[in-house]
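Me: Please take me through the salt bridges of this model slowly, as I am new to the subject.

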Amino acid sequence: IRANRERRSPASWLEMWRINVKPVAPKTQKRRGLTMLELIIATSLLAMVLTSVTVVLRTGRQAWDAHEADFTRVEAAHATLRHIVREVRQADAVTFISAANDNSGRLALRMPGGEIRVWDHDAGTSTVNYGLINPDNLLALNVASLRLLGYRADGTTLTTVPDDVQA
């Protein structure tokens, strides 16, 4: 009974139970380039990033421009007031001052040499003009209003009478 049996080694037993699967042959050509789907996805991502960057930069630029415009208006107003104050300190008398409720003020001063210096705000163009006798020289742009108040010698009573204004 034992004569026809073969003796098998443990390795041959394993081979007997092994599933016959053909190995997948390695690809002989490597893939080069992108598929159309990959190209569309990459382009879409790039477009989203560039749009986001553009929005951030535009918002920053708009804020900068708004701040710069505000700064320019404030500087124009300060320069105008410094100029008027310097001239008022040197003046002998006030010859004309606009009403206290007038937002487009006008001021005329007589200087020690006898010349008359005049400042006038033009509400239509938002400018302040300056000159001798006639205010025909541009002093400042973007000044929305210029209100001038004259005080009597006591420093507390408002007046628009030029002779009563303390220069």
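Reply: Buried means under 20% relative accessible area, exposed means over 50%, and partly exposed lies in between (1.4 Å probe, protein chains only). This is a predicted model, in which local features need pLDDT of at least 70, side-chain atom pairs count only at pLDDT 80 or more, and totals for chains, interfaces and linings use all residues. Residues are numbered from 1 along each chain as its sequence is written, and side-chain values use heavy atoms, with hydrogens and water left out.

Me: How many salt bridges does the count come to?

Reply: Side chains of opposite charge can pair when their charged atoms come close. A salt bridge here is a side-chain nitrogen of Lys or Arg within 4 Å of a carboxyl oxygen of Asp or Glu. By this rule, the count comes to 6.

Me: With which residue does R117 form a salt bridge, the closest N and O atoms being 2.2 Å apart?

Reply: R117 belongs to strand 3 (residues 116-122), and its partner, 30 residues apart from it, lies in helix 2 (residues 36-90); helices (H or I, at least four residues) and strands (E, at least two) are DSSP runs, numbered from the N terminus. Both R117 and E87 are buried. The partner of R117 is therefore, by the 4 Å rule, the residue E87.

Me: Is R106 buried or partly exposed?

Reply: The side chains of R106 and D120 meet in a salt bridge, at 3.5 Å from N to O. The relative accessible area of R106 is 29%, so by the cut-offs of 20% and 50% R106 is partly exposed.
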